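These are notes for a colleague who has not seen this structure before. Please read them with the model open.

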Amino acid sequence: MTKANGNGAVPVREGQRRSMQQHAQGPAAMLAIGTANPTGVVIPQDQFADDIFRMTKTDHLTQLKEKMKRICQKTGIEKRYFHVNEESIGANPEFLDRKLPSLDARIDMVSTAVPKLAQSAATKAIAEWGRPATDITHLVFSTYSACQAPSFDLQLATLLGLRPTVSRTILSLNGCYGGGRALHLAKQLAENNHGARVLVACAELTLVCFGAPDGSNLIGTALFGDGAGAVIVGAGPFSEGERPLFEMVSATQTTIPRTEHVLGMQVSRAGVDFHLGIQVPTLIGQNVKQCLIDTFGTDAPCSDWNDLFWAVHPGGRQILDNIDTVLKLEPGKLAASRHVLREYGNMSGATIVFVLDELRRRRKEAGGDNPLLPEWGAMLAFGPGITIEAMVLRAPPLHE
Ligand SMILES: CCCCCCCCCCCCCCCCCC(=O)SCCNC(=O)CCNC(=O)[C@H](O)C(C)(C)COP(=O)(O)OP(=O)(O)OC[C@H]1O[C@@H](n2cnc3c(N)ncnc32)[C@H](O)[C@@H]1OP(=O)(O)O
């Protein structure tokens, strides 16, 4: 039954209002996943140093270029996708000089490109989910490009034709843990609102951070790429056709004390500045085990972490190597993370969605019979703070 909506008021369905006040059944689950990348520029990593120094007219910085080549070889990346291209760099020479103001021009460009990229990923997730976009009750959008209000969450809701009562949240500058944070929030929303269906969207364009290579930005410039991921999250009862891909069993957020200076981003008049401390991979390695024990509680498989499947944000090759070492993981346990790093680079908050997508693809391909992908798993994402988002996952048998 729909209430009268005189004077342009939004229609409210009574049943909907009642049911949203009740809790859902069981843990939330991911019901569909979509990903997207810009179609314009794909740069092979072995060509990246030559391309970026040429595009930014810094070929004369020969030592820096040699260092960039050395770093690129060690990243475990083969190619990355970018929205920005030689033409747009040429048209905005202020992007190359951090002393010049360029924030307005960058915001201008991302304000259409970010929601469109998110739309591409979300459209795929909604199509896989099989229900109309108007059945989405909540939207959680994460990006490091949001510097205005109303923001990308409203633009995406409009592009997708979501209903006017959709409950929107935007997460800004969460960096590489943004996808993990958005999924954690979506779990809480879905479990606490009967019938809720949450669209998680993460879209990242390096355009807001991009600059000419210098002594401080080489690592970020060698690692980051552009992409978007979307996930539909909901809890039971499930409607016909809805099938949980990953149950989201429990989740924690941990901040490593006294590390706020190690990893960070800041909006400036020249775009978004970032800082990646050299200690990041070591700090994550030292803290990840305790963080997992806290997330699993008494069920923690402390004796052998190989009993799980792993969805780890590939922040950098060294981070994955350190996790392999401290958890004593068998070769291949982080294969989905390494695959995503190799094919796309680090797409900050969106990357974890690509890893989940790759895991479910591998699971399906093996008919649920891949020993590296058991029923229970862990998801990890890291970012400024240093913050670690961790989640216990369960992949229901394919025919459950
Ligand atoms: C059209 C084109 C457009 C392009 C646009 C691109 C724009 C990109 C901008 C996007 C920025 C986005 C920022 C987002 C910020 C959020 C970040 C996060 O939340 S989480 C992010 C989490 N991710 C991370 O924190 C990255 C994790 N790091 C790694 O995975 C690895 O360190 C590695 C793969 C980068 C290098 O492999 P590894 O085995 O370590 O190799 P080696 O030991 O041999 O070192 C090679 C050289 O690199 C040096 N060096 C190393 N690190 C640093 C540093 N931090 N600092 C400085 N230098 C560093 C080292 O000293 C050596 O120098 P040299 O002796 O040759 O002179």
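1. The model is predicted. In it, the axes of helix 5 (residues 103-129) and helix 6 (residues 152-160) cross at roughly 50° and come within 9 Å. Helix 5 is therefore oblique to helix 6. The handedness of this crossing is right-handed.

2. Which residues make the contact between helix 5 and helix 6? On the side of helix 5 they are Val110, Ser111, Val114, Pro115, Lys116, Ala118, Gln119, Ala122, Thr123 and Ile126. Their partners in helix 6 are Phe152, Gln155, Leu156, Leu159 and Leu160. Sorted by class, the contact of helix 5 with helix 6 holds 10 nonpolar, four polar and one charged residues.

3. A second pair to look at is helix 2 (residues 45-55) and helix 3 (residues 62-74), whose axes lie 9 Å apart at an angle of about 155°. An angle over 145 degrees counts as roughly antiparallel, so helix 2 and helix 3 are roughly antiparallel to each other. Helix 2 and helix 3 make a right-handed crossing.

4. Which residues of helix 2 meet helix 3? Gln45, Phe48, Ala49, Asp50, Ile52 and Phe53 do, and in helix 3 they face Leu64, Lys65, Met68, Lys69 and Cys72. This contact of helix 2 with helix 3 consists of seven nonpolar, one polar and three charged residues.

5. To recap the geometry, the angle is roughly 50° for helix 5 and helix 6, and about 155° for helix 2 and helix 3. The crossing is right-handed for helix 5 and helix 6, and right-handed for helix 2 and helix 3.

Technical notes
Residues numbered from 1 in each chain as written. Predicted model: local features only at pLDDT ≥ 70, side-chain atom pairs only at ≥ 80, totals over all residues. Heavy atoms only, no water. Axes fitted to C-alpha atoms, helices over the stretch in contact; angles between N-to-C directions. Helix = DSSP H or I, 4+ residues; strand = E, 2+ residues; numbered from the N terminus. Parallel < 35°, antiparallel > 145°, perpendicular 65-115°, else oblique. Left-handed = near helix turned anticlockwise from the far one by under 90°. Contact = heavy atoms within 4.5 Å. Nonpolar A, V, L, I, M, F, W, Y, C, P; charged D, E, K, R; others polar.
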